[in-house]
Amino acid sequence: MGKEKIIIGSTRAGLTLKGELIAYLENKGFEADDVGMKTDGEFVPYHKAAAAVARGVSEKKYRRGVIICGTGAGSVITAAKFKGVYPVHVFNTFTAQQAKAINNCNVVVFGEWLTPPKHAFLLIDKWLETNFTDGVDDDWKIFLANCVKEIGDMETELYK
């Protein structure tokens, strides 16, 4: 099996952090597919970069994605519109871990204006190393799995 590909995208406000995260992920053995704005490229608004990442995850071309914009807020709103995409704006290691362990988050969102690269590295590591229901009591594992299933059922109903 080859390297896991992670889809990543940003708008102008996330270019610096995106470059740092791509290098970091590749150094850890991942392949990063950049679908967002490029340093010398045409402007890509936050919602289009977020949608490109979310679409890749929603269509199951990628298991995980990363979005970077200025604050992270608009990208979460956009990515959450896509079926099967569970984005969380992570800002500390607890949210990064819990987003995966409790909510089965498959897209992390960073705000470059709020998150320096070394902090983002800690956050992405925590998210990458955590599995759904890690550290959860057995009865809660069933509860959380049912929650995720019911959210999927809601999406199926809403996105007919």
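Which strands does helix 5 lie across, and at what angle does helix 5 run to strand 5? The notes below take this up along with the rest of the fold.

1. The structure is a predicted model. Helix 5 lies across strand 1, strand 3 and strand 5. Its direction is at about 170° to that of strand 5.

2. The sheet is open and has 5 strands, arranged in the order 2-1-3-5-4 with parallel pairing. Strand 2 (31-34) and strand 4 (87-89) are at the edges. Each of these two has a single partner strand, so one side of each lacks a neighbour in the sheet. From one strand to the next, the twist averages 25°.

3. Within the sheet, strand 3 and strand 5 run parallel and are joined by 5 bridges. Gly 65 has Val 107 of strand 5 as its bridge partner.

4. Helix 2 also packs on the sheet, where it touches strand 1, strand 3 and strand 5. The direction of helix 2 makes about 165° with that of strand 1. Helix 2 covers residues 46-58, which is 13 residues. From first C-alpha to last it reaches 18 Å, close to the 18 Å expected at 1.5 Å a residue.

5. The buried residues of helix 2 are Ala 49, Ala 50, Ala 51, Val 53, Ala 54, Gly 56 and Val 57. They pack against strand 1 (5-10), strand 3 (65-69) and strand 5, and also against helix 3 (73-79). Just after helix 2, Lys 60 has a positive phi of about 60°.

6. Helix 1 (residues 15-27) packs with helix 5 at an angle of about 50°, and the two axes are 10 Å apart. The pair is therefore oblique. The crossing is right-handed. On the helix 1 side, the contact is made by Leu 17, Glu 20, Leu 21, Tyr 24 and Leu 25. Helix 5 contributes Pro 117, Ala 120, Phe 121, Ile 124, Asp 125 and Leu 128.

7. Thr 115 is in the loop that lies between strand 5 (107-111) and helix 5 (117-129). Apart from neighbours within four places in sequence, Thr 115 is in contact with Leu 17, Phe 110, Ala 120 and Leu 123. Among these, Leu 17 and Ala 120 also take part in the contact between helix 1 and helix 5.

Technical notes: Residues are numbered from 1 along each chain as its sequence is written. This is a predicted model: local features need pLDDT of at least 70, side-chain atom pairs count only at pLDDT 80 or more; totals for chains, interfaces and linings use all residues. Side-chain values use heavy atoms; hydrogens and water are left out. Helices (H or I, at least four residues) and strands (E, at least two) are DSSP runs, numbered from the N terminus. Contact means heavy atoms within 4.5 Å. The expected span of a helix is 1.5 Å times one less than its number of residues. Buried means under 20% relative accessible area, exposed over 50%, partly exposed in between (1.4 Å probe, protein chains only). Two strands pair if DSSP finds at least two bridges between them. Axes are lines fitted to C-alpha atoms, for helices over the stretch in contact, and angles run from 0 to 180 degrees between N-to-C directions. Angles under 35 degrees count as roughly parallel, over 145 as roughly antiparallel, 65 to 115 as roughly perpendicular and the rest as oblique. A crossing is left-handed if the near helix is turned anticlockwise from the far one by less than a right angle, and right-handed if clockwise.
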